[in-house]
Amino acid sequence: MRNLVTSCALVAALAGASVAQAQDDITITLVPGLTTDAFYITMNRGAQAAADALGITVDFQGAEEFDPVLQTPVLDAVIARGPDAILIAPTDSTQMIEPLRRAHENGIPIITVDTFIDDGQYQDGAGDGDFPMSYIASDNVGGGRMAARFMADAIGGEGKVYVSNVRPGISTTDQREEGFKAEMAANYPDIEVLDTQYNENDASLAASQFQAVMARNPDIKGVFGANLFSALGAGNGVDSANMADDVTVIAFDAPKSIVDNISSGLVDAAIAQHPAEIGYFGVMAAYAVLTGQSVPVSIGTGFTVINADNVGDENIAKFIYSE
Ligand code: T6T
């Protein structure tokens, strides 16, 4: 009996050693929407935590702007290096299909994080971009609906508001706007949603757009900034116009700068995504694919709403994005 136990332990130890060896060789590349955005920096933190837990390597390779023209050559260079899997936040739901097909045709499993390609419903036999294994992200339509409810409450259910957004074609921000408008149309008939202002992910442009909208609509009541730079810019625009007491800003995303603007009263609420969770489960899903497990075709991650009531709570600190 003792010998059997000993030999079982030995077999287990050897098996463990060979798994550890194989894990040492696994490299997953995370391609963010852009490298300098606190959202993706935080996602990488979660990805590294999963890599450490698994004993594998995750590297982070991206462009400096959120732009499919810049993301494509980065992706091509990643494909040429041949990682075991790619996690990517595609910067355009249509334009990134063909570049990602090249990775797929090279036998590299793909998981999209944050944003999706095509319709985001993968592995269902429909659409040109059906090949990624999984999509791990916030519920962006639901988040847009949440933003609309916070906005409506803050402005007393009536008045003019608009969405400050990046550009059409980005799955996440398109869905946030869709959810925001759907919630307003369904439940708040006295709120008028003005034309969306597209800022190309440029906070300075988002700030000057607020001034222009206010010049045309002096009775403007609120702005929904549909991502970090849109929200930061909208807040700065409201601040420069000295309108913080009259205009509600609801932010998507929660870098320190936006959280500081909640403390100062400039931003009313921030819908913090959980980017570290997206990165962590992205790596876990890729590892599952690489080790022959099946994976969910989509994994939804959560939100934490930060406002004046909870901004000082110690439990909130972990949801503020890393920079
Ligand atoms: O809002 C995030 C991300 O979810 C979106 O896809 C692009 O913008 C951010 O990275 C924030 O800048």
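Biologist: Which residues are closest to the ligand in this predicted model, and how many surround it?

Modeller: In this predicted model, 13 residues surround the ligand, and the closest are D37, D114, T172, R176 and D253.

Biologist: How much of the ligand does the protein bury?

Modeller: Taken alone, the ligand exposes 300 Å², and the protein buries 99% of that area. The space that the ligand takes is the largest cavity.

Biologist: Which elements give two or more residues to the shell around the ligand?

Modeller: These are α2, α6 (171–187) and α8 (228–240).

Biologist: What makes D37 a cap of α2?

Modeller: A side-chain oxygen of D37 lies 2.8 Å from the backbone nitrogen of F39, at the N-terminal end of α2. Just after α2, G55 takes a positive phi of about 70 degrees.

Biologist: How do you know that the span of α6 agrees with its number of residues?

Modeller: At 1.5 Å a residue, the 17 residues of α6 should span 24 Å, and the C-alpha atoms at its ends are 24 Å apart, so the two values agree. Helix α2 (residues 38–54) also has 17 residues, and it reaches 24 Å from its first C-alpha to its last, close to the 24 Å expected.

Biologist: Which residues of α2 and α6 are buried?

Modeller: In α2 they include F39, Y40, M43 and L54. In α6 they include T172, R176, F180 and M184; T172 and R176 are also among the residues closest to the ligand.

Biologist: Why is Y162 called buried?

Modeller: The term requires a relative accessible area under 20%. Y162 has 0% relative accessibility, and therefore counts as buried.

Biologist: Where is Y162 found, and how far is Y162 from V74?

Modeller: Y162 is found in strand β6 (residues 159–165). Y162 and V74 are 88 residues apart in sequence and 34 Å apart in space, C-alpha to C-alpha.

Methods
Residues numbered from 1 in each chain as written. Predicted model: local features only at pLDDT ≥ 70, side-chain atom pairs only at ≥ 80, totals over all residues. Heavy atoms only, no water. Helix = DSSP H or I, 4+ residues; strand = E, 2+ residues; numbered from the N terminus. Expected span 1.5 Å × (residues − 1). Buried < 20%, exposed > 50% of the residue type's maximum accessible area, 1.4 Å probe, protein only. Polar contact = N/O pair within 3.5 Å; in protein donor to acceptor, adjacent residues only side chain to side chain. Near = heavy atom within 4 Å. Areas by Shrake-Rupley, 256 points an atom, 1.4 Å probe, with all protein chains shown as cover. 1 Å grid on protein atoms, 1.4 Å probe; cavity = no way out; pocket = protein on both sides within 12 Å on 5 of 7 lines; lining within 4 Å. Sits in = over half its atoms within 2 Å of the grid points.
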